Amino acid sequence: MTLTPPTRSRTLAAVLAAVAITGATVGAASAGAATISPAGTAFSAPGTIVVSTPASFGVPVSCSIDLIGTTSADGSSASITDAKISGSNRLCNLPQLKNLPWTLTPTSATTGEVSNVGFSLVGYNCGPATLAGSFDNMTNTLTSTNQPMSGNCTVNSLSVQPNPAFTLS
């Protein structure tokens, strides 16, 4: 007579092994959160922004922008404490920034998001909103396109290059 362990026992052992492997994999993934370097450094990030607002009657307005801030000591985020906006369109000189500081958080080695972004323009309030974007380590360029904001506003495009150069990993 041959004794075979019940199928239920073998299945339970397989399930427990799968749970242990999955737990180890999830733990390893969360330990490798994305970071910005250099950490603990002041930066500026000049570039361009194109925005559509009720103040522009929905017509996209292109302006120069220079984001100013500091990366956190652990590289987990960057705090944008100011932005200078200018340009030949008269609307470029009128935005009043709201909700500063804005927080830039890398979500991977190629993506990130800027949270709490808001501004007012000629009595119209835009945001707050979280803008998603991508980052190219080779060109040191952070870009974002077609990001809706409350107040019937849209960031049509944003392209900035941090100085000193960022590396997301």
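Residues are numbered from 1 along each chain as its sequence is written, and side-chain values use heavy atoms, without hydrogens or water. Because the model is predicted, local features need pLDDT of at least 70 and side-chain atom pairs count only at pLDDT 80 or more, whereas totals for chains, interfaces and linings use all residues.

**Disulfides**

The structure holds two disulfides, a disulfide being a pair of cysteine sulfur atoms within 2.5 Å. The table lists them.

| Pair | S to S distance | S-S torsion |
|---|---|---|
| Cys-63 and Cys-92 | 2.0 Å | about -85° |
| Cys-126 and Cys-153 | 2.0 Å | about -55° |

The disulfide of Cys-63 and Cys-92 is left-handed. This pair links distant parts of the chain, 29 residues apart: Cys-63 belongs to strand E3 (residues 61-71), and Cys-92 to the loop between strand E4 (78-86) and strand E5 (96-98). Strands (E, at least two residues) and helices (H or I, at least four) are DSSP runs, numbered from the N terminus. Both Cys-63 and Cys-92 are buried, where buried means under 20% relative accessible area, exposed over 50%, and partly exposed in between (1.4 Å probe, protein chains only).

The disulfide of Cys-126 and Cys-153 is also left-handed. It links strand E8 to strand E10, with its cysteines 27 residues apart. Cys-126 is buried at a relative accessible area of 1%, and Cys-153 is buried at 1%.

**Strand pairing**

Strands pair if DSSP finds at least two bridges between them. Strand E10 (residues 153-160) runs antiparallel to strand E2 (residues 42-52), joined by six bridges; here Gly-47 has Val-160 as its bridge partner. Seven bridges join E10 to E9, also antiparallel, and Thr-143 stands opposite Ser-159. Three residues lie between the strands of the E9 and E10 hairpin, in which Gly-151 takes a positive phi near 85°.

**Asn-140**

Asn-140 lies in the loop between strand E8 (124-136) and strand E9 (141-149). Asn-140 is buried, with a relative accessible area of 12%. A polar atom of its side chain lies 2.6 Å from the backbone oxygen of Pro-162. Beyond its neighbours within four places in sequence, Asn-140 is in contact (heavy atoms within 4.5 Å) with residues including Phe-135, Val-160 and Phe-166.

**Salt bridge**

The structure holds one salt bridge, defined as a side-chain nitrogen of Lys or Arg within 4 Å of a carboxyl oxygen of Asp or Glu. It joins Lys-84 and Asp-82 at 3.6 Å, N to O. Asp-82 is partly exposed, at 29% relative accessibility.

Methods. Polar contact = N/O pair within 3.5 Å; in protein donor to acceptor, adjacent residues only side chain to side chain.
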